[in-house]
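Welcome! Let us take a walk through this structure together, starting where chains meet and ending at a single residue.

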Amino acid sequence: MTGADLTIVRGKKTVGQRILGVFNNSIVNVVFVLVALFWLVPSVGLLLSSLRTVGDSASSGWWTVFTEPTQLTLENYAALLSNDTITGSFWNTILIAVPTTFFVVLFGSLAGYAFAWMEFPGRDWLLIAVIILLAVPIQVGLIPIARMFGALGIFGSILGVVLFHIAFGLPFAIFLMRNFFTQIPSELLEAARLDGASDLRIFLTVIVPLGVPAIASLAIFQFLWTWNDMLVALIFSNSQSQPLTVAIQSQLRQFGANIDVLSTGAFISMIIPLIVFFAFQRYFVQALLAGSQR
Amino acid sequence: MTQSAVAPAETSTGRGGPGRSSRASSRRRMFLIALIFLAPALLLLGALVAYPIVYTVVRSFFDASGGQFVGFDNYVEMFTRDSTFTAIRNNIIWVIVAPVTCTILGLIFAVLLDRIRWATAFKLIIFMPMAISMLAAGVIFRMMFQENPNLGVVNAALVGINSWFTDESAYPGANVRADSGLIVQGGTIASDGAVEPGTEQNFPLVGIRADSIPEEAAQAEEPGSAGSDEITGTVWLDVIRGGGGENGEIEDGKSGLPGIRVDAVADDGSIAASAETDAEGQYQITGLADGSYTIALPASNFTQGYQGVNWLGETLITAVIILSYVWIWAGFAMIMIASGLSAIDRSLQEAARMDGASEWKVFTKITAPLLSPVIIVVFVTLIINVLKIFDLVYVIPPGSSKPAANVIAVEMWTVSFGGGNNQGLGSALALLLLILVLPSMIINVRRFREERSR
Amino acid sequence: MRKSLQHRLLLPVASLGVVGLVLTGCTGGGGTDTGNDLGDFSGETLEVSGAWSGAEQENFEAVLAQFEEDTGATVNYTSFGDQAATTLGTQIEGGSPPNVALLAQPALLQSLARDGNLIPLSDNARAAVEDNYSESWIDLGTVDGELYGVWFKGSNKSTVWYNADLYDQAGAEVPDNWDSFLEQLQVISDSGFAGISIGADVGWPLTDWFENVYLRTAGGDMYDQLTNHEIPWTDPSVAEALEVLAELFGNQALYQEGAVQRTFDDSVTQVFGADPQAATVYEGDFVAGNIADDGNSVVGENALFYDFPAVNDSEPAVVGGGDVAVALVDDEVTDALMQFLATPEAAEIWVPNGGLTSPNSNVDTSLYPDDISRQIAEALTGAETFRFDMSDLTPSAFGGTPGQGFWQIMISFLQDPSDIPGTQQALEDAAVAAY
């Protein structure tokens, strides 16, 4: 095709085609670089704030370090990491976040499979009811669940915090898994069913392997939400079972912006989620390659 | 529609070719198995999420302490409070703006992600805000949008850009010494009465820091004598460091203010002549015809530089909070949609491309429909999430714009825990929140119906 | 944010002195009849919660460590931050409240006591309180004739802090009455700095302004009546106090612009930070903690305070606040801890470390780490008229909630100080709705 032909063809393209046509790779690259830079500004601000003293933060903006790099200090990190409450609460956070994530993913996928591929009366209405539960604000649960846990004797325990998180994580998990599983080509399931496979078997050998990208993203977000939760933990844990967020909260001074503690705490508590993200990243990429190689 | 979106339910009913007689029993079996798959989730949801709704419904009919049944009083009170309507209005703005923005950004990022080599790094950058606690995210946004350009990076950037185009005046914020016969109008400092050639007009100024006046400034001196076509005078800082002295008098320790433009304004408002003060603060306007003039120090001597935008004020506060929300949640949309994208069968797209379909066609006719289940999850989740938005609205606005930024979840928290301790009214607000979700459910009901009818 | 809800939860005058953990040695064997012989509670565990965190938490834990040593019991302290009502409310619903909680709001003490969630002090603890506290503090811990509270910490909210360097440079002097206060602010403003910085972003500092002025113009009795809403906010005495305030709020030359968006801690930084823009800031003794955290000024050197100026020759009067310990569990070890907290020995563990102003009259004031904190404490225990912060005593929907009631109406008043009748009417409407 000659250049002249090309322009003629282009000329006939719809508006949408032209918009997408403009997105050639180098422009995409430039735009993405700009987006990434903008997106980084708050994080960089937070990072630099964690590396400055509280006095510096109160009197000048964090970008001052670019002209006065001597302001940088690790003393905020030293202060938080030498604190036994903080280091001790790391383990509690893991004890809360890992089981929560595991059970949300497990129960969510089981239910998601049932909603996607099984037929039973009232299925869609039940699903809609579950989605409506997404809208229940966590604050609504505090008092009634505190009563219930008090009666059951699990108030203040890690178990209570975990149960609370699982329950409030499930509506999203079910919704996501159900919608994701409906994407799976039906021939695959029919073939397995004709082979006489049980539902459990289909779930384990067909659905779960194909659902890995969704499971990975659900897991990472559920993990993050649980990891970063403060409200539930503040009320349902006690001094022995408190996670990192509550421990950091207890380091805040009254009447301060507390930017030093909050920014440092944010980066300390971000380490594990970012490691988890990298770990799960493999699965997104793997699935991507599998798809494009076919 | 596309192949994989075929309703799963039909597949399951359609499979029972040989054993038609046992259809009823197989249905029952199916139901039992479904129940087993659903049991753990439904049990937890029922006990820990549905039960609080029932509790909330009951609680909303009782008074603040929970001891007395009050019927619909809480609902009446809810709808007679201004703050409820502000909250509903803000929630509507949120629902219209935030989910669409996040989803579209997420979709663009996810779809174009495989065009760039550093996709992983990009994903990480967009994802990172999700890993930052809401409290820290709120604090950093509040910091970034502070009005003071020394502390808020956004205004610092605006002021920085602005200063390339305009010069800052030498004496921003200067004011006149009270009772010195001077007036201030629109930033211009002027003599109160008319001044005639051959006389003097002095300007004792205050409100200028001793350490911010130019280095060449010297001890203020009495004005030189004025010729018949001249007006003279002195402009000086009428403050002695450490206090003391007589107000309005030129004395030892008071500094002249050099470089100030002084205009002689004629009756018709035109500038007849002008001069500039010297190191001792003296000026001398010459060449004036007979008549009376107003002696004015134009506002350009005293204007404050551009000070940036009042982001956290009542008008813009919701926009700033929504921006912070998009910063956090676009990563969610991107990761979700990317994972949906990675699971779909690429062979269809490849085949379509082979057949000469344009990229746009491939996207609209193949990719988007295949992605729609995930996009719907993201969109609906964001709508619901935005309806119950709490943390960011709780953290970012300064107290004075809190009422303007109010949303239902914050109102509910404030009423039931944050001071009011009125859980009856709080429960009514929580139910209002649940009811507001229903319209977004209609999207889903329609979709399920479509699936069924296919 | 945090501070919005927790302005009441007193402040760290933290690191004002040396923050070290003096675990033992301070209590000495004074052998007073209260305190040392509390009984043996080895093996028992107590949960204590309060708003204190950071340095205050460390100091309070040192106090608790002495109790552990005396009795053999184990005490765990947890901070509930600014969520006192929520945390305690849910813990009570869940059936496991802490043994002892420290509350900053008498209104919360009253509502918990009326709901039957608090345990009245035992005879021994009551005796300890009566020995060590003045009548006004005992009254503040009493609900319907029963004594529930031990005031462990007090604060003086009638202190005006100033940057002495800027005062010297401008030639301003320490004022002794309201008119001279305004004159000095004008002198400073002439020198190119703002006279005073007001952090009105949430509104509670403005309520403290009003309370100080009202206590001086109307007197203690009227103050009590207004607190209990026995007189309406449309009363002429309220108008008089607002008029006095309007002399300041209505003169924008005197205070730094941008007040309604300025946080309280920024208002302190504006005066005592690296690049001061204003010379004065009014708030309670906890300002010293902010100054120390900021680190650019030194309390006692260039950061000094004077008492809130008299209005129309009023007597010295102090508006204050405090944290009160209450028992939520009815057992002997809890009672022992309450008795311990009422002794001067308990407070004297914390006092030398700085950050604690004790309302306990028998605390040895020579133990305060510096002159400033001693002056504050003496002003608090020695004031001729002492009144608790009004907004803490009113229903919290009126006096304790950001964005509404007293707080918000005072922000509106700062924005438009000319509308005194409108402000009074708005306050009255809010009060009627809340009481």
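How many residues does the contact take from chain A and from chain B? It takes 93 residues from chain A and 93 residues from chain B, where two residues are in contact if their C-beta atoms, placed from the backbone, lie within 7 Å. Before going further, please keep in mind that this is a predicted model, in which local features need pLDDT of at least 70, side-chain atom pairs count only at pLDDT 80 or more, and totals for chains, interfaces and linings use all residues. Residues are numbered from 1 along each chain as its sequence is written, while chains are lettered from A and ligands numbered from 1 in the order in which they are written.

On the side of chain A that touches chain B, the largest share, 16 residues, comes from helix H15 (residues 259-293) of chain A. Helices (H or I, at least four residues) and strands (E, at least two) are DSSP runs, numbered from the N terminus. By class, this side of chain A has 63 nonpolar, 24 polar and six charged residues. Here Ala, Val, Leu, Ile, Met, Phe, Trp, Tyr, Cys and Pro count as nonpolar, Asp, Glu, Lys and Arg as charged, and the others, Gly among them, as polar.

Chain B also meets chain C: 26 residues of chain B are in contact with 33 residues of chain C. The side of chain B that touches chain C divides into eight nonpolar, 14 polar and four charged residues.

Now let us look at chain B by itself. Chain B contains 14 helices and nine strands, and its C-alpha atoms fill a box of roughly 125 × 70 × 40 Å along the principal axes. Its radius of gyration is 36 Å, whereas a compact globule of 454 residues would have one near 22 Å; the radius is taken over C-alpha atoms, and the globule rule is 2.2 Å times the number of residues to the power 0.38. Chain B is divided into domain 1 (3-14 + 46-146 + 312-453) and domain 2 (175-301), with bounds that come from an automatic or database domain assignment. The centres of these two domains of chain B, taken over C-alpha atoms, are separated by 61 Å.

Which strands of chain B form an open sheet? Five do, in the order S2-S3-S9-S6-S7 (chain B), with antiparallel pairing; two strands pair if DSSP finds at least two bridges between them. Strand S2 (182-185) and strand S7 (271-276) of chain B are the edge strands, each pairing on one side only. Strands of a sheet pair through backbone hydrogen bonds, either parallel or antiparallel.

Follow strand S9 of chain B and its two partners. Strand S3 (residues 188-191) of chain B is joined to strand S9 (residues 294-297) of chain B by two bridges, and Ala190(B) stands opposite Ala296(B) in S9(B). Strand S6 (residues 261-265) of chain B pairs with S9(B) over three bridges, with Ala264(B) opposite Ile295(B). Along S9(B), Thr294(B) and Ala296(B) point one way and Ile295(B) and Leu297(B) the other way, and all are buried. A residue is buried if 20 or more other C-beta atoms lie within 10 Å of its own, exposed if 12 or fewer, and partly exposed in between, with C-beta atoms placed from the backbone.

Next comes chain C, which has 19 helices and 11 strands. Its C-alpha trace spans about 65 × 45 × 35 Å along its principal axes. The radius of gyration of chain C is 21 Å, which agrees with the value near 22 Å that a compact globule of 435 residues would have. Of those 435 residues, 64% count as buried.

Our last stop, Arg216(C), lies in helix H9 of chain C. Arg216(C) is buried, with 26 other C-beta atoms within 10 Å. Leaving aside its neighbours within four places in sequence, Arg216(C) is in contact with Ala310(C), Val311(C), Ser314(C) and Ala317(C).
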